Amino acid sequence: MKGLFTTISACSSSSESSSDSSSSLSPSSSPFVLAFNNLTYNVNTSEEVTLSSMFRRKNTTGMSTFSNKKVLLNDISGEAREGEILAILGPSGSGKTTLIDALASRISKKSLKGSVKMNGENLEPGVLKMISAYVMQDDLLYPMLTVEETLMFSAEFRLPHTLSKSEKLARVQAVIDELGLRDAAKTIIGDEGHRGISGGERRRVSIGVDIIHDPILLFLDEPTSGLDSSCAFMVVKVLQRIARTGRIVIMSVHQPSSRLVGLLDQLIFLSHGETVYNGPSTNLSLFLSDFGHPIPENDERTEFMLDLYRELEGVPGGRKCIVEFNKSWQKLQSHPSYSSENFNLSLKEAVSARISRRKLIYNDANDTGPTVTVSNFANPFWSEMIVLMKRSLTNSKRKPSAILHQICAVVVVSSIMASLFWNLEKTEVGVQQRVGFFAFIVTTIFFGSTEVLAVFVQDRYIFMRETAYNAYRRSSFILYRSIIVIPRVLILSILLASITFWSIGLYGGSPSFLFYFSVIFVSMWAGDSFVSLVSGLVSQVILGYIVAVPSIGIFLLFSGFFISRDHIPTYWIWFHYISVVKYPYQAMLLNEFDNPNLCLLDDPNKSCMLTGVDIVRKQGITDLSKWICLWIILALGIFYGILFYLSLLFGSRNKRK
């Protein structure tokens with residue numbers, strides 16, 4: 001610790017003495033250089049609310065009484081070049097992920113100060129999405145697809161439909177070889193219940209999904225997290241190969257091994273959002289020596305560096321000392337800067353030339369000569385939907401247990417209801433039992449819809465990753481989700497309607513059965529739309545159940561079964577009309593009883609004492625016809641789909657405020 005205080009006191013003098021030990025880098029001949037200058041990002045943190053603060057007089061002289069600023073990035077500058085790996089290092093909470101998010105335009109422009117430029121030009125978010133990819137920490141992949149299929153579906157999304165299937169397959173095979181996945185190409189990804197590829201291979205597949213369209217910029221948030229040293233080295237070795245083929249790779253690393261550091265070209269060490277070191281990995285030893293802390297003979301340089309400034313963080317003024325020394329030391333180094341480079345082409349021309357050279361996206365030549373333009377999406381709307389459905393069906397058919405479990409559940413529940421309400425009599429008691437049956441079956445339909453909530457939430461995370469860089473449109477995803485559930489809902493509806501209608505002895509014959517089936521089918525579809533909406537609003541499955549189950553319970557409460565419409569208080573009647581349970585329940589009742597010729601109770605003289613219309617009036621369901629109720633259920637399903645789209649549009653932008 002004494003040595004640390006000595007370092008702090010001698011900070012200014014040591015920075016001056018480093019002038020004789022400067023090193024230079026040879027200028028890169030690569031055409032793409034990403035430069036970032038003075039990046040600063042603050043967030044508001046609320047003050048702790050105390051009893052005294054609740055009753056004290058407000059401070060009218062300033063606006064910062066109830067919030068503090070927390071600095072996550074403070075004046076960060078640097079550059080990354082094509083053909084190199086820029087690694088951002090530091091302990092947890094140092095700002096690694098925040099810096100990558102800033103460079104990847106995942107922080108709102110209003111909140112982020114500073115500039116990010118490519119080849120000396122401001123890098124607009126639209127251009128960045130086109131030329132970059134972001135690999136998250138979590139490997140979000142469909143478990144029952146093989147490695148080759150996963151990459152092929154990614155190629156279908158990211159490569160234009162003008163390319164033939166053989167050309168896309170050739171690109172997939174090239175990526176498989178580039179990632180060293182040839183032996184695992186035909187193996188499924190796997191999950192907890194199905195053995196698949198290893199963790200290191202999963203990480204490489206995640207990288208492959210995002211580089212299939214050959215991006216110029218590749219961002220990776222801790223790609224070695226959770227991997228052993230051997231797998232981590234293999235992943236970074238692959239990233240080095242990717243960079244050498246003409247890409248800029250920017251990644252964050254928590255604590256790399258010495259072998260792994262040897263693969264990195266440029267390093268940025270962060271401490272509480274400030275730069276501790278920025279430069280080539282080969283110059284780190286020189287930096288520490290000039291700082292007065294040469295690396296011991298048997299110590300690894302990055303581990304020594306991390307340990308050193310962690311100790312300095314615990315000393316008053318220690319972190320400031322090494323930060324200031326780094327600034328002065330960098331000024332004395334003769335590193336070539338992007339500002340001194342002469343770029344022959346504009347950024348748009350350079351990107352177009354790259355795309356044209358690699359033959360990924362073409363456009364017709366016009367009068368001014370051949371040009372290359374790139375739209376926001378590589379494929380038209382209809383093509384995206386076909387690929388989404390094909391991928392979902394391929395994944396589902398290898399996991400038939402999911403649909404089989406649902407079929408078994410419907411058969412069991414239907415059989416129980418059929419045996420319990422078997423051949424109900426035409427009596428007043430029988431009428432009450434029929435009403436109770438309709439309330440129960442509608443409730444079962446909507447509560448049963450929550451079974452797929454876990455799948456929907458997982459799909460949402462994959463959706464967020466894929467749409468963050470324009471793999472496909474949000475509208476394509478919404479429509480695909482609405483259509484793909486129809487076969488499953490159709491099978492379940494037929495089973496539920498067939499088992500219960502005839503065995504219970506419901507009235508009306510075949511026409512009544514068809515309407516009864518239609519109500520069940522549309523209700524199941526609307527239930528799936530409602531669960532989709534919930535999955536778009538929550539981030540965890542357990543939160544989804546907390547929201548969905550009570551909501552359905554409240555809808556049932558106001559459906560008219562427990563208390564008729566005429567007896568609901570005026571201030572609650574609006575909830576009765578927005579209840580999704582009301583309309584299928586009312587449609588089934590009307591389908592059963594809205595018939596003046598239906599006699600439910602005879603007197604000894606054979607005159608009718610209770611007709612179906614009497615039950616309709618008694619239940620207070622005379623406001624709508626059964627067909628209007630059916631159309632309203634369909635409209636509610638569409639409405640929930642629209643809300644789901646809006647929740648994805650505004651809630652999944654992957655941007656910090």
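Predicted model: local features only at pLDDT ≥ 70, side-chain atom pairs only at ≥ 80, totals over all residues.
**A covered strand**

Strand E3 spans residues 85-89, and five of its five residues are buried. The cover extends to both faces of E3: Ile85, Ala87 and Leu89 are buried on one side, and Leu86 and Ile88 are buried on the other. Two strands pair with E3. With strand E8 (residues 248-253), E3 pairs in the parallel sense over five bridges, and Ile85 has Val249 of E8 as its bridge partner. With strand E9 (residues 266-271), E3 again pairs in the parallel sense, over four bridges. Here Ile88 stands opposite Ile268.

Rolling a probe the size of a water molecule over the atoms shows where empty space is left. Four cavities of 30 Å³ or more are found in the structure. The largest cavity holds about 160 Å³ of space. Its lining is made of 17 residues, and those nearest the centre are Ser154, Val209, Arg391, Arg465 and Glu466. Helices H6 (147-158), H8 (199-211) and H18 (453-467) each give two or more residues to this lining. H6 supplies the largest share, with five residues.

The largest pocket has a volume of about 1100 Å³. It is lined by 37 residues, and the closest to its centre are Asn395, Ser396, Lys399, Ala402 and Val455. At least two lining residues of this pocket come from each of H15, H16 (401-420), H18, H19 and H20 (486-504).

Phe381, Trp382, Ile386, Leu479, Ile483 and Ile486 make a nonpolar surface patch of about 530 Å². Helix H15 (381-397) and helix H19 (474-484) are the elements that give two or more residues to the patch. H15 gives the largest share, three residues. Phe381 is found in H15 and counts as partly exposed because its relative accessibility is 31%.

**Salt bridges**

Side chains of opposite charge can pair when their charged atoms come close. A search of the whole structure finds 23 salt bridges. Three of them are listed here.

| Salt bridge | N to O distance |
|---|---|
| Glu222 and Lys96 | 3.8 Å |
| Lys168 and Glu156 | 3.4 Å |
| Lys399 and Asp191 | 3.8 Å |

Glu222 and Lys96 meet in a salt bridge. Glu222 lies in the loop between strand E7 (217-220) and helix H9 (229-244), and Lys96 in helix H4 (residues 96-103), so the pair ties together parts that are 126 residues apart in sequence. Both Glu222 and Lys96 are buried.

Lys168 and Glu156 also meet in a salt bridge. Lys168 sits in helix H7 (residues 165-179) and Glu156 in helix H6, twelve residues apart. Lys168 is buried, with a relative accessible area of 4%, and Glu156 is buried, with 14%.

The side chains of Lys399 and Asp191 form another salt bridge. Lys399 is in the loop between H15 and H16 and Asp191 in the loop between H7 and H8, so this pair ties together parts that are 208 residues apart in sequence. Lys399 counts as partly exposed at 28% relative accessibility, and Asp191 counts as partly exposed at 27%. Lys399 is also one of the residues closest to the centre of the largest pocket.

Elsewhere, a network of salt bridges links Arg565, Asp566, Lys582 and Asp623.

Met609 lies in strand E12 (residues 608-611). Its relative accessible area is 51%, so Met609 is exposed. Met609 and Cys599 are ten residues apart in sequence, and their C-alpha atoms are 7.6 Å apart in space.

Technical notes:
Residues numbered from 1 in each chain as written. Heavy atoms only, no water. Buried < 20%, exposed > 50% of the residue type's maximum accessible area, 1.4 Å probe, protein only. Pairing = 2+ DSSP bridges. Patch = residues over 30% accessible without salt bridge, like charges linked within 9 Å, V, L, I, M, F, W, Y side chains within 5 Å. Areas by Shrake-Rupley, 256 points an atom, 1.4 Å probe, with all protein chains shown as cover. Salt bridge = Lys/Arg side-chain N within 4 Å of Asp/Glu carboxyl O. 1 Å grid on protein atoms, 1.4 Å probe; cavity = no way out; pocket = protein on both sides within 12 Å on 5 of 7 lines; lining within 4 Å. Points joined across faces, edges and corners; volume = space filled by probe spheres on them.
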